[in-house]
Amino acid sequence: MRNFLRALRFTWPYRRRIFASLFCALAVALLWGANFTAIYPVLKVLTRDTNLQTWVDNEIRHKESEIDRLQELIERRSREIQRVESLPASRSRERRLAELTRDLAKDESDLAQARWLLGWFQTLRLYIYKFCPQDRFETLIYLLSIVVLAVGIKGLFDFAQEAFVGSVVHLALLDLRNRLYDNVLRLDVTQFTEDGTHELMARFTNDMELLGNGLKTLFGKLIAEPLKALSCILFACFISWRLTLLFLVLVPIAVLTMSKVGAYMKRAGRKMLESMSQLYKVLQETFLAIKVVKAFTLEAHQRLQLYKASRDYYRRGMRLVIIEALSGPVMEWLAVLAVAGALIGGSYLVLRQQTHIWGLRMTAEPLEPESLLALYALLAAIADPVRKLSSVYNKLQSGAAAADRIFFYMDRRPRVINPFPGRVLTEHRRDIVFRDICFSYQPGRPVLTNISLEIRFGEVIAIVGRNGSGKSTLAGLLPRFYDPDHGVILIDGIDHREFSLRSLRRQIGFVGQETILFDDTIRNNITAGLRHVSQDLVEEAARRAYAHEFIMQLKDGYDTRIGELGQALSGGQRQRVALARAILRNPAILILDEFTSASDPESEILLHKALREFVRHRTTLIISHRLSTLELADRIVVLEKGRIEAIGTHAELLQQCPLYQRLFERHSHRQVA
Ligand SMILES: Nc1ncnc2c1ncn2[C@@H]1O[C@H](COP(=O)(O)OP(=O)(O)OP(=O)(O)O)[C@@H](O)[C@H]1O
Ligand SMILES: [Mg+2]
């Protein structure tokens, strides 16, 4: 529940709307109770040979005679008190005096109440004589029109209340989603791979919706329904508060049942959300890898996976449905039980004309049948809010489960910490030093061990090594996708963790091993977040990356949209757009990870020619096994199982490093082949 309360805080900025909705809920509740109370005069008119005028006259006469009686009684008591006071002092005299004073006080309070009621009836009488018809049938129509009008007004308030609540919930979710997104964006690259993106997707969609439902229920029903019940109880108390209390005995039992069911619901809700993430996972994987699925005819396999995930979801969903479906009727049954209890008590009083049950006084005077019927209507009217309340608790519990899952990510902190305020890396002009770097993705499984490397400004360093030797991992340390477990990286003599992430990354141009493009135009993919870039600059970057030519051949040139993840381009074309993106930023440090892996030999030669020019005034880290790239490098670093095996030029390594010889031989064979 703690996290649900935290989610609740997001609604606070919209408190005015919440208060407005509360006001509407109050109006609805009062009208709800009043409508059911209206049955009382209707029944009177129908069952007795009266109209409203005679009714109100009767009541006034009744009250007047009661007042007379009380006044007489009070006078008599006062005289008695005077008489007793004149007696000689004794203990019995004191006792008698105390008794009389107490009775007198009670009579006086009864008198005050009767006078107050008389006042009310007299005012009412004025209005009834002025506005109400004399005829019984007309009176009935008159009463019913008031009821119909009141229901209409109640509907208006109902509508306004829901609209207010809905807007508050949606606005709060909007803020929450943005905050969550901000926080998730700050997480490290590795934290994304740990749980999988499907988990995150589920939190942003399904969980948000459930949380929204919880909030809506809280503001909508949790407040409105008890108010409705309360107003019925209040009106019922006017008729007979003792009988109403008899009815309310069952409330604690209902509350207990609800809380038990609620705890069970929360557990079931959490499990259902977990299986929803699983479903997302299967869907996402299938759609992203659709080519693999088709090429390897994995349809049956994937179908089975989805079937399993959906069946799981169905089972858990059903558990929730059953609990929910059971809780409604159970609550209703409890409510009817309570009404029946109160009704049996009431009928006993009416039919046997009693005022006591088991020696307890229930009413001041025997109840009339109409009062009992009105009481019954009011108590039955409580059953509806109570039934709705049962689902309220359940919805709140699923909302709470969703809030827990959402705030799990809200509370997650990145391991790569952005220093505040942090130095600003404006330019890099000297060297980059890797000193004693160790790194592992999982504890106990080192990926990089004791890497020490000095790179001078303007140098081109190539990294080669077998698959999985840690090349990409090493390159990823520089833009701080993750931080080393041990050792430091110095840029111009300063620990690169002291620079603000933004300024550090602005100095780095990165072309990753997997080319990732956005579903947008080519221009926007190249400018990627840079604003106000002239067409000339974009074209120049594209020319350098050998992309301009093929872009011009596309239907809309630079404005061509390239589909999800750039699927509408060929692999080599994608790589070149990504390269243009890095070039446009004019970075001081350039990192290229297998950036020509998809290029044809001719484009590769052209690319290298252009690159030779571009790398001149910056420090470049290239991961590649292509001979032409290696020739571009001033030094080549050979990595093997996360350690540096050798460093040297192509010619030196070919002579001295057996691993390099093997790697290079294989490559030259492949290139020849
Ligand atoms: N996100 C990750 N979580 C856990 N282990 C990882 C992760 N990424 C890489 N590894 C492991 O780290 C090791 C080095 O991976 P890396 O990607 O750096 O290799 P590489 O030298 O670039 O290989 P390739 O030539 O295939 O690109 C591999 O053994 C890999 O299993
Ligand atoms: Mg790699």
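# A tour of the predicted chain

Of the chain's 673 residues, 46% count as buried; buried means under 20% relative accessible area, exposed over 50%, and partly exposed in between, with a 1.4 Å probe and protein chains only. This is a predicted model: local features need pLDDT of at least 70, side-chain atom pairs count only at pLDDT 80 or more, and totals for chains, interfaces and linings use all residues. Residues are numbered from 1 along each chain as its sequence is written, chains are lettered from A and ligands numbered from 1 in the order in which they are written, and side-chain values use heavy atoms, with hydrogens and water left out.

**Stop 1: the whole chain**

Show everything as a cartoon. The chain has 22 helices and twelve strands. Helices (H or I, at least four residues) and strands (E, at least two) are DSSP runs, numbered from the N terminus. The radius of gyration, taken over C-alpha atoms, is 41 Å. That is well over the 26 Å that the globule rule gives for 673 residues, so the chain is more spread out than a compact globule. The rule is 2.2 Å times the number of residues to the power 0.38. Along the principal axes, the C-alpha atoms fill a box of roughly 135 × 65 × 50 Å.

Now think about contacts, meaning heavy atoms within 4.5 Å. Among those between residues at least 6 apart in sequence, 77% join residues at least 24 apart.

**Stop 2: an open sheet**

Select residues 431-440 and 446-456. These are strands β3 and β4. Seven bridges join β3 to β4, and the two run antiparallel. Two strands pair if DSSP finds at least two bridges between them. Find V433: it stands opposite E454 in β4.

Zoom out. Four strands form this open sheet, in the order β4-β3-β6-β7, with antiparallel pairing. β4 and β7 stand at the edges, each with a single partner strand, so one side of each is left without a neighbour in the sheet.

Next, pick D495 in strand β7 (residues 494-495). Is D495 buried or exposed? It counts as buried, at 17% relative accessibility. Leaving out residues up to four places away in sequence, D495 touches V488, I489 and L490.

**Stop 3: an enclosed strand**

Select residues 589-593, strand β9. Five of its five residues are buried, so β9 is largely enclosed by the rest of the structure. Show the side chains. I589, I591 and D593 point one way, while L590 and L592 point the other way.

Which strands pair with β9? One is β8 (residues 508-511), in the parallel sense over four bridges. There, G509 stands opposite L590. Another is β10 (residues 619-623), also parallel, over five bridges. On that side, I591 has L621 as its bridge partner.

**Stop 4: the nonpolar cores**

A nonpolar core is a set of buried Ala, Val, Leu, Ile, Met, Phe, Trp, Tyr and Cys residues joined through side-chain atoms within 4.5 Å. The largest has 44 residues, and I526 and Y660 touch the most other members. Helix α18 (residues 571-584) gives the most to this core, with seven residues.

Center on I526. Not counting residues up to four places away in sequence, I526 touches V538, A542, I551, Y558, V577, A580, R581 and L584.

Finally, select L173, L200, F219 and V392. They are among the 37 residues of another core, which lies apart from the largest one.
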